[in-house]
Amino acid sequence: MKNFLIICIGLLIAHSLLSQSNSDPFKQLGTDLPTPNEYRNASGAPGHQYWQTRADYKMNITLNDEEKKISGDETITYHNESPDDLKYLWLQLDQNVRSKESDSHVIGTESINEDRGVSPRQIARMFPDFDGGFKIESVTDSDDRNMKYTINKTMMRIDLPSVLKAGDKLTFKIKWWYNINNTREIGGRSGYEEFSDGQRVYCIAQFFPRMCSYNDIEGWQNKQFLGRGEFTLIFGNYEVSITVPEDHLVAASGELQNASSVLSNTHRDRWSKAKNSYVQPVTIQTLDEAIENSSAEASKYKTWKFKADNVRDFAFASSRRFIWDAMGVKMSDGRTVVAQSMWVPEGDCLWKKFSTKAVAHTIKWYSHYTFDYPYPVAWSIDGSMGMEYPMICFNYGRCQSDGTYPMRTKYGHIGVIIHEVGHNWFPMIVNNDERQWTWMDEGLNTFLQYLTEQQWERDYPNRRGPAHMITNYMGGDKSRISPIMTNSESIFQFGNNAYAKPATALNILRETVMGRELFDHAFKEYSNRWKFKQPYPADFFRTMEDASGVDLDWFWRGWFFTNDHVDQALGEVKHYNFNTGNPTVEKGIQKDLRDNGPQNISSIRNKEISQTYDEIDTTIRDFYTTFDALEVDAVDQSDYEQFVSNLNPQELELLNDGKHYYQITFKRVGELVMPIIFQFQYKDGTTEDIRIPAEVWRYGAKEVTKIFPSDKEVNKIVLDPYLEIADTDTSNNYYPPQEEVSRFETFRQKQLLQNNTGENPMQRSKRAEKIKREIKP
């Protein structure tokens, strides 16, 4: 008895069944990550000799609305701030993805849908007849002498007449043009949308030859653009002149330099008011003005001039159909950032209410979680797509013909604006390599989008972030699930892999593994360490550990380097009480169980026997006929008193504490290790949450058993009660086991619901009000 008490004080049974797998989920990443050096150190920070190259651009761009063509000449000054001498330079020609010879047309797979046939976009890919690639007219040096260049699909190499020494710079010029694609017909991240009145909205990006990144990890970035993996770019200063029809409004990366030449007095007055309006946006071009402006096409052109400093890219939008509003956003350093939107009449019901406020809201909360937005403006443009660039993004959201919109459209509109404006932080400022690691901007940005949406509206209907929303994906067909650490072009289920899973992983770190305070500090540290620099995965992993003091190698390994899933289960549960040794107590319990517990069916029916033999002949009775072994006698009492006298005070206290002891076996059905989180639901209606760190699985166990003392008797045990570990199968999370009930509908119910499809809730509300008016006496 005494030895049993001592063992129980430890409250842990060492009971583990080792996994048959040779993998160790707690193996340190070690050599799986690049070796730290003077450029990127072991803490995850830029090293004392960190370097990066730069490129400054001066461009003159002309948008030919009649021919749907764009042309430009650019002067690039490349600063070789690397420690290496360079014999040639590489540039990205991303628009060549629209050439007839693009690999993007042939690497895709197609199938014919027997009900819907072949889509126009499938036909365009199979039989490309649109020639949208760059037409390079010249590449010259600063003295207009021709330079030798070679075009390799979406890349261009310029061979230098002499080596560009480390620390030197080189200026050269490129002249080019290309045909602009119709995004409604063949898709794309850049192009024009044409409306029924024949007018167009141009959202123009990836439109000029851009310098590739040359860095300490990859050397020259030379992975071709196939349409999915986005961009690996370097910072620089831009001076851009954009010539468009004179009735167009233009939004672009950077600040407008010649407002007095391109904006009317009315527009300038309204913009000045908008900049100092911090609560409600001020309309600069109204709906009526936009409709009037698009009623006729101008024959003359004018030039808008923009300047953007320390950005990695440049994009713009242009149309005569735009409505425009703006408002100011106060920053912590006293600056005012101007949040602005331009949209078309078809989106007015949504954009005038939500867009610019969503931009301002994003600036506020992303700045809160990372660093203050450093640029002077932030644009949201109605491009009927979702795409991001420095200071400007193209978003979607259109009204139905009666001016209403479905709930999904509303939250999709707000969500895409938060997401795309949020990309200003990742990757526009924290400048990760998108072409290699999509998750480093899309995943981190989707996580911050989730946090920002929660600040917009209580119970905001998120699509990604909470752990339980990723379980169907993670528990699915492993042959169609890639690890997060997979190159952008090779990912199965791109949205789930690059957006949802990393966002969920970060939310789990914040809520469950690290806690909000530690996580928020470490995430902000990473953001500030790497703003205006180019981080890679190891820099993120190391910084999050370095700034929090938490070893997360097991988490990175499982969540980012494998396609494993989480499935924890409750195994055997045993309920114990200490045998106090007190005969009055212990025999009383046994007596109550005997007299009031379940009875065998035969014993119950045998009570119907009218008279037993000993009742007829009492002479056969003896001591044992009436003996009750559960009656307490003097011997019992004496033995108990002797036992108690030999206990020390601590053992005596433990003996009489009256606690319940629950021995619980937890199973790791899925391979992914996670903390064990469960809840005791007591018979008195109260609850208690228990949290066990993931290190409980550190020896590779597939099962662990632990003992938990409690003052109360448990009615129910629930594993993962707050749906926070992404458990793919919750049916095994209950003790006693709990049935999952499915609801079904009758055929008539289904028929009624189907008859009402196509009507959004706003339309239904209007119809309901009409019905109420008609039946009102």
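**View A. Two lysines at the ring of Trp177.** Lys135 sits over the face of Trp177, 5.4 Å from the ring centre. Lys69 also lies over the face of Trp177, at 4.9 Å from the ring centre. A charge is taken to sit over a ring if NZ of Lys or CZ of Arg is within 6 Å of the ring centre and within 35 degrees of the ring normal. The model is predicted: local features need pLDDT of at least 70, side-chain atom pairs count only at pLDDT 80 or more, and totals for chains, interfaces and linings use all residues. Residues are numbered from 1 along each chain as its sequence is written, and side-chain values use heavy atoms, with hydrogens and water left out.

**View B. The aromatic pair Phe447 and Phe523.** Rings of Phe, Tyr and Trp (its six-membered ring) pair if their centres lie within 6.5 Å; planes under 30 degrees apart count as stacked, over 60 as edge-to-face and the rest as tilted. By this rule the structure has 57 aromatic pairs. One of them, Phe447 with Phe523, is edge-to-face, with 5.7 Å from centre to centre and 70° between the planes. This pair links distant parts of the chain, since Phe447 belongs to helix 10 (residues 439-456) and Phe523 to helix 13 (residues 516-529), 76 residues apart. Helices (H or I, at least four residues) and strands (E, at least two) are DSSP runs, numbered from the N terminus. Phe447 counts as buried because its relative accessibility is 1%, and Phe523 is buried at 2%. Buried means under 20% relative accessible area, exposed over 50%, and partly exposed in between (1.4 Å probe, protein chains only).

**View C. A cluster of aromatic rings.** Ring pairs join Phe26, Trp439, Tyr526, Phe540, Phe541, Trp554, Phe555, Trp556, Trp559, Phe560 and Phe561 into a cluster.

**View D. The largest cavity.** The whole structure holds three cavities of 30 Å³ or more. The largest contains about 80 Å³ of space. Its lining has 14 residues, and Tyr50, Gln52, Ser213, Ile234 and Gln534 are the closest to its centre. By class, the lining of the largest cavity has six nonpolar, six polar and two charged residues. Ala, Val, Leu, Ile, Met, Phe, Trp, Tyr, Cys and Pro count as nonpolar, Asp, Glu, Lys and Arg as charged, and the others, Gly among them, as polar. On a 1 Å grid over the protein atoms alone, a cavity is a set of points where a 1.4 Å probe fits but cannot get out; lining residues have an atom within 4 Å of a point. Grid points are joined across faces, edges and corners, and a volume is the space filled by probe spheres set on the points.

View E. A salt bridge is a side-chain nitrogen of Lys or Arg within 4 Å of a carboxyl oxygen of Asp or Glu; the whole structure has 48. Asp348 and Lys352 form one, at 3.5 Å from N to O. Both residues lie in helix 8 (residues 348-369), four residues apart, about one turn of the helix. Asp348 is buried, with a relative accessible area of 9%, whereas Lys352 is exposed at 51%.

**View F. Further salt bridges.** Lys574 and Glu572 meet at 3.8 Å, N to O. Lys574 is partly exposed at 32% relative accessibility, and Glu572 is partly exposed at 46%. In helix 22 (residues 761-775), Lys772 and Glu769 are three residues apart, about one turn of the helix. Their closest N and O atoms are 3.8 Å apart. Glu769 is partly exposed, with a relative accessible area of 38%. Salt bridges with shared partners join Asp65, Glu194, Arg200, Asp247 and Arg320 into one network.

Conventions: On a 1 Å grid over the protein atoms alone, a cavity is a set of points where a 1.4 Å probe fits but cannot get out, and a pocket is an open set with protein on both sides within 12 Å along at least five of seven lines; lining residues have an atom within 4 Å of a point.
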